[in-house]
Amino acid sequence: MITEILKGMFTTFKHLLQPPVTIQYPEVKRPVRYRFKGRHELKRYDNGLEKCIGCALCAAACPADAIFVEAAENTDDERYSPGERYARVYEINMLRCIFCGFCEDACPTEAIVLEDNYELSFYDRASAIYTKEMLLVPVPPGGQPTPQKVEPGKYDRAIPEMEDPK
Ligand code: SF4
Ligand code: SF4
């Protein structure tokens, strides 16, 4: 009996001397792993044009049917992305998403990327629909917001030859 109590107390005191493993979330956040898949972001090129070309391959690849894409035509007076089309509507239903990353793998322009943000919370179903405005990253420094007015014929390929067209 005494032995068991002493064993138990030894275990308790042993842990008193060890550094704590808990962190003070949300003030302190643990860095995520390299391959962590968090909330999606829709990326832009350095010049501010959107990488998404509205092809809906991500929606086709999604096993949870969580993505809705509606494409529209670009013009050189109102250009959102290189090539013919852009995503006029882009929505992800986060209640359906299982964070598998298939959408990221299917995307031909690397527009949709699952990033580090894991702080997803909402109080009703409507708030679980993340819209294009919520997903699109801010314009990079030196870039222009979309839509842009560009020279005719400058961006006639949906997937530009340059990695980051200026
Ligand atoms: S991570 Fe998977 S489930 Fe979520 S939107 Fe992308 S393909 Fe669909
Ligand atoms: S995110 Fe990628 S796969 Fe999805 S519509 Fe845009 S370009 Fe196509």
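## Reading a predicted chain

Me: What share of the 166 residues is buried in this protein chain?
Reply: This is a predicted model. To judge burial, count neighbours: a residue is buried if 20 or more other C-beta atoms lie within 10 Å of its own. Here, buried residues make up 20% of the 166 residues.

Me: How does the radius of gyration of the chain stand against that of a compact globule?
Reply: Start with the globule rule. A compact globule of 166 residues would come out near 15 Å. The protein chain has 23 Å. Then look at the box. Along the principal axes, the C-alpha atoms fill roughly 85 × 35 × 25 Å.

Me: Which elements does the chain have, and in what order?
Reply: Count, then walk from the N terminus. There are four helices and five strands. Their order is α-β-α-β-β-α-β-β-α.

Me: What percentage of the contacts with a separation of 6 or more joins residues 24 or more positions apart?
Reply: Contacts rest on C-beta atoms within 7 Å. In this chain the figure is 76%.

Me: How many residues are in the largest nonpolar core?
Reply: That core has 23 residues. Leu42, Cys52, Cys58, Ile67, Cys103 and Ile112 have the most contacts inside it. Strands S2 (67-73) and S3 (85-93) each supply at least two of its residues. S3 gives the largest share, four residues.

Me: Which residues does Leu42 touch, leaving aside neighbours within four places in sequence?
Reply: Leu42 is in contact with Glu50, Cys52, Tyr90, Ala111, Ile112, Lys132, Leu135, Leu136 and Val137. Cys52 and Ile112 are also among the core residues with the most contacts inside it.

Terms used. Residues numbered from 1 in each chain as written. Chains lettered and ligands numbered in written order. Predicted model: local features only at pLDDT ≥ 70, side-chain atom pairs only at ≥ 80, totals over all residues. Core = buried A, V, L, I, M, F, W, Y, C linked by C-beta atoms within 7 Å. Buried ≥ 20, exposed ≤ 12 C-beta atoms within 10 Å, placed from the backbone. Contact = placed C-beta atoms within 7 Å. Rg over C-alpha atoms; globule rule 2.2 N^0.38 Å.
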